[in-house]
Amino acid sequence: MPSDAKLAELSSDCVILCTTVLEAALENVHVTFVEVRHGHGHPVFAEVQYRLETFRTPPVMNAFMDALDNAIVRRTGFNARIRCFGYAASSIHARN
């Protein structure tokens, strides 16, 4: 795992990307780091779950993933496998 300082910087990068590029409300952004034992594949896996919106077009999502990829490399030195999953508001049932 990267240092706590690097993870804090990456967390800040993620929040900024979500609130600017994806236009997410700050209270809806959650960043979690899970330490695992690496077996095979990329050492970093980023999963983004977001609500489908008309302004979150493929070009917007590509720009978001490019920026996220750059932030991960800059803060950790690792290449990441990034997966984004969009959900219709009617399909999301959540509690805080």
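Is Val48 buried or exposed, and what is its relative accessible area? Val48 is buried, with a relative accessible area of 12%; here buried means under 20% relative accessible area, exposed means over 50%, and partly exposed lies in between, for a 1.4 Å probe and protein chains only. The structure is a predicted model, in which local features need pLDDT of at least 70 and side-chain atom pairs count only at pLDDT 80 or more, while totals for chains, interfaces and linings use all residues. Residues are numbered from 1 along each chain as its sequence is written, and side-chain values use heavy atoms, with hydrogens and water left out.

The surroundings of Val48 come next. Val48 belongs to strand β1. Once its neighbours within four places in sequence are set aside, Val48 touches Phe64, Leu68, Arg83, Cys84 and Phe85, where contact means heavy atoms within 4.5 Å. Val48 and Gly86 are 38 residues apart in sequence, and their C-alpha atoms are 8.3 Å apart in space. For the protein, 69% of the contacts with a separation of 6 or more join residues 24 or more positions apart.

Stepping back to the overall fold, the protein has two helices and two strands, arranged along the sequence as α-β-α-β. The radius of gyration is 14 Å, close to the 12 Å that the globule rule gives for 96 residues, so the protein is as compact as a globular protein of that length. That radius is taken over C-alpha atoms, and the globule rule is 2.2 Å times the number of residues to the power 0.38. Helices (H or I, at least four residues) and strands (E, at least two) are DSSP runs, numbered from the N terminus. Along its principal axes, the C-alpha trace spans about 35 × 30 × 25 Å. Of the 96 residues, 22% count as buried. In the loop between α1 (4-20) and β1 (44-51) sits Glu23, whose phi is near 55°, a positive value in a residue other than glycine.

A disulfide is a covalent bond between the sulfur atoms of two cysteines. In this analysis, a disulfide is a pair of cysteine sulfur atoms within 2.5 Å, and a search of the whole structure finds zero disulfides. Cys14 is in no disulfide, as its nearest cysteine sulfur, that of Cys18, is 6.5 Å away. Cys14 is buried, with a relative accessible area of 14%. Cys84, one of the contacts of Val48, is partly exposed, with a relative accessible area of 23%. The sulfur of Cys84 lies 8.8 Å from the closest cysteine sulfur, in Cys18, which is too far for a bond.
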